[in-house]
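Let's take a walk through this structure together, with an eye on its charged side chains and how they pair up.

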Amino acid sequence: MSVTLTWIGHATWLIDTGGGVLLIDPFLDDCPTASLKAKDVECDAILVTHAHADHVADAAAIATRLKVPVLANFEIANWLGKHDVKTAQPMNYGGRLAVPGGTAKMEIAHHSSSFADGAYGGNPGGWLLDVGGKRIYIAGDTSVFLDMERIGRPDRAGRRLDVAILPIGDIFTMGPDDSLEALAMLKPKAVLPSHYNTWPPIAQDAAAWAGSVTAAGLATPHVLEPGESVTLE
Ligand code: NI
Ligand code: MN
C-alpha cells in the first residue's frame, strides 16, 4: 500500500490514502502560495486542526459542495453547522473516527484557536492518522511540547511514525530549531515541513533546515514546492 501526500501550500495538504483523499486545513483562495482553488478541490473528507482563518477559510464552501465529512473540534463543527455544513463531525482530544483509508485521532497542540471574528474556536489540535498502512502525524500549529514523546511511541503493533508534518515557519508556531527537538521525540521515518514561506514573516530556508535534519540523523526530510507530492511506499 502507498500513501501520497501533496503540499497545496501553507498548512493545506491532500493525502491520498488509497481508500480516499483527505484534505487538511483548507486555505486556498486567499492563500498567496496555494496551488489549487477551492472550487477545484476533490476529496472524500476534510480534517481541520483549529479555527484560525489560515486553516478553515475554505472548509465550509468545499464541504457543502462535496458533502464530505469534516472532522474538527466541537466548536468548529458547530460553527460549520451555522455555515450550512451538514456533514461536520465534532470531536475532541483523544477521539478517533474512521476516515477513508483508515482512522484519524485528534491530538493536542499548544496554540490558540479563535475564528476570524474573534469568536471562540475551541482548542487547537493535531491529527494522528493511521491510513493506507501508514502512521502519519500532523502537528498543526503548535510549539514543540513534551507529549510529542508519547505521540511518537510505536503503536501496539510496534509501528513507529512513517511521517510527521511539522510547522517550521516560526513566530506563530515552532521554528526550524524547535522542529529538530520535536523530531527527536517523534522519531518519524520522514518529515515534511509546513506553515512556512506563505508570507515574508514566516519565510524559511527549507533546504538549510533539511540539511540540519539530515546531519542530525533525525528523519528523511522531503521539501516540497506547493503542488508537489511525495509517495510513501
Ligand atoms: Ni494558527
Ligand atoms: Mn496558522
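Nine salt bridges turn up here, counting a side-chain nitrogen of Lys or Arg within 4 Å of a carboxyl oxygen of Asp or Glu. Side chains of opposite charge can pair when their charged atoms come close. Keep in mind that this is a predicted model, where local features need pLDDT of at least 70 and side-chain atom pairs count only at pLDDT 80 or more, while totals for chains, interfaces and linings use all residues. Residues are numbered from 1 along each chain as its sequence is written, chains are lettered from A and ligands numbered from 1 in the order in which they are written, and side-chain values use heavy atoms, leaving out hydrogens and water.

Start with Glu 107 and Arg 150, whose closest N and O atoms sit 2.8 Å apart in a salt bridge. This pair ties together distant parts of the chain, 43 residues apart: Glu 107 lies in strand S8 (residues 102-108) and Arg 150 in helix H4 (residues 148-151). Helices (H or I, at least four residues) and strands (E, at least two) are DSSP runs, numbered from the N terminus. Glu 107 counts as buried because its relative accessibility is 4%, whereas Arg 150, at 30%, is partly exposed. Here buried means under 20% relative accessible area, exposed over 50%, and partly exposed in between (1.4 Å probe, protein chains only).

Now look at Lys 39, which bridges to Asp 40 at 3.3 Å between the closest N and O atoms. Lys 39 is exposed at 59%, and Asp 40 partly exposed at 42%.
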